[in-house]
Amino acid sequence: MTSFVIVAILLTAVVLALLLLPLLLKERKQRVGSASQLSIAVLRDQLSDLEDQRKAGLLDSELFVEEQAELERRALEDGAATRATASSSPARKRTLAAAIGLALPALAVSLYFLLGSPDTMKPQQAADAEGNHALSPQQIQAMAAKLAERLQSNPDDGEGWLMLGRSYAVLGRYPESAAAFGRATTLLSPSANMLADYADIMAMAQGRKLSGEPEKIIARALSIDPRHIKSLALAGSAAFERGDFGGAIQQWRTILTLVPPDSSVAQSIGKSIADAENRMGVGRVPTAGAAVTPPVASAAATVSGTVVLAPELVGKLPADGTLFVFARAVDGSRIPLAMARMNPATMPHAFKLDDSMSMAPTMRLSSAKSVIIGARVSRSGEALAKSGDFEGFSAPVTVGASGVVVTIRGVVK
């Protein structure tokens, strides 16, 4: 007899004891309270498992809330059932105990031989960082193969195709995962969750590109739920990918209205928005066929001055760095109202900003009364601040000012 069988028998005996003893022992007033405490303990464990799945990325926030509510509902129903059982007759309880004692082992054995796989219970299971057992890729592969075989004889099982798609995704088999997701979407009622996952997998299957079919799937998801967080995130990424930074910012800002301001999601989205805002002024390519009319600079809507380097940084600037000088509003959006790209080889460096250097048609230097002038020497050549860049900022100045001095004296951490 293998160790697995021994352990299975012991566990079955324990479960039977937990189920049968309350039915066979003499009725006591404390019974209802004890059963309620057991239900609470079970609920606490299940909620803990649910939280672990959410942290591991297996459940999104929406699904987590739904599952949590379902557990709490079942706990309430269990409590009501416990109270009803306490008032049942001893004869009925003995009959129920006998039925459970016979049915539970038979049901367990039947289900194991129908669905189980002894190989997956071997001791060499991988363990995660917390010491909890986790399925190895080989075990997931075997389970996926078994599920795929079962679906050949039951091809209309939409939930099965969805599970197979997610299994293939875990294994990194993205083309097969996308095909399984596609089959599931033809059999199941469409949901934003399923379509967002489908679009994500489809993008992975075509080299992490969201253009084409993934974008169409994202649009379907948003038509079902315009406030679906993952779909909004993917829509923003798709816009960012094709250079539509304004469109990306619009999608991502919607997410910020749906999540707590101090959440990790809000922080991540905030960084993406900052990246898009900075990129709006670097290498923007107009839409094909669109007329390009440079903004006309107003004589009064200018700010000029000099960028200087603090003495302690002399000789420390990267030889191949890029100097960005920009103006941004004192309050409100951090999108630059004007930006110039220069060579930092010579310092001090004179600059002049005006409306012809605006980042967006509706956000120009002339639209502000006072601005802050920033100067940044970028190691990467990108306007977005990165660790190791050198930067400095002026005090607020009025638009139209001249002789502004910006001293680069800090290093971006």
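Leaving aside its neighbours within four places in sequence, which residues is T302 in contact with? The answer comes below, after an outline of the chain.

## The model and its overall make-up

This is a predicted model, in which local features need pLDDT of at least 70 and side-chain atom pairs count only at pLDDT 80 or more, while totals for chains, interfaces and linings use all residues. Residues are numbered from 1 along each chain as its sequence is written, and side-chain values use heavy atoms, with hydrogens and water left out.

The secondary structure of the chain comes to 12 helices and 11 strands, where helices (H or I, at least four residues) and strands (E, at least two) are DSSP runs numbered from the N terminus. The chain has 413 residues, and 35% of them count as buried; buried means under 20% relative accessible area, exposed means over 50%, and partly exposed lies in between (1.4 Å probe, protein chains only). The accessible surface of the chain comes to about 24,300 Å², and 59% of this belongs to carbon and sulfur atoms, with areas taken from the Shrake-Rupley method with a 1.4 Å probe and, for residues, only the protein chains shown counting as cover.

## T302 and its contacts

T302 lies in the loop between α12 and β3 (303-309), and T302 is buried, with a relative accessible area of 13%. To return to the opening question, T302 is in contact with K352, L353, D354, L365, V399, G400 and A401, once its neighbours within four places in sequence are left aside; contact means heavy atoms within 4.5 Å.

For the chain, among contacts between residues at least 6 apart in sequence, 59% join residues at least 24 apart. N278 is buried, with a relative accessible area of 15%, and, leaving aside neighbours within four places in sequence, N278 is in contact with R376, A383 and L384.

The largest nonpolar core holds 45 residues, of which L164, I218 and W252 touch the most other members; a nonpolar core is a set of buried Ala, Val, Leu, Ile, Met, Phe, Trp, Tyr and Cys residues joined through side-chain atoms within 4.5 Å. The elements that give two or more residues to this core include α5 (137-153), α6 (158-170) and α8 (192-205), and α8 gives the most, with nine residues. A second, separate core of 27 residues includes V307, L309, L313 and V371.

L164 touches A144, L147, A148, L151 and A180, not counting residues up to four places away in sequence. In α5, the buried residues include A144, L147, A148 and L151. Helix α5 has 17 residues and reaches 25 Å from its first C-alpha to its last, close to the 24 Å expected at 1.5 Å a residue, the expected span being 1.5 Å times one less than the number of residues.

R208 lies in the loop between α8 and α9, and R208 has a positive phi of about 65 degrees although it is not a glycine. Most residues other than glycine have a negative phi. At 62% relative accessibility, R208 counts as exposed.

The axes of α9 and α10 come within 9 Å and cross at roughly 145 degrees; axes are lines fitted to C-alpha atoms, for helices over the stretch in contact, and angles run from 0 to 180 degrees between N-to-C directions. The contact is made by E215, I218, A221 and L222 of α9 and S231, L232, L234, A235 and A238 of α10.
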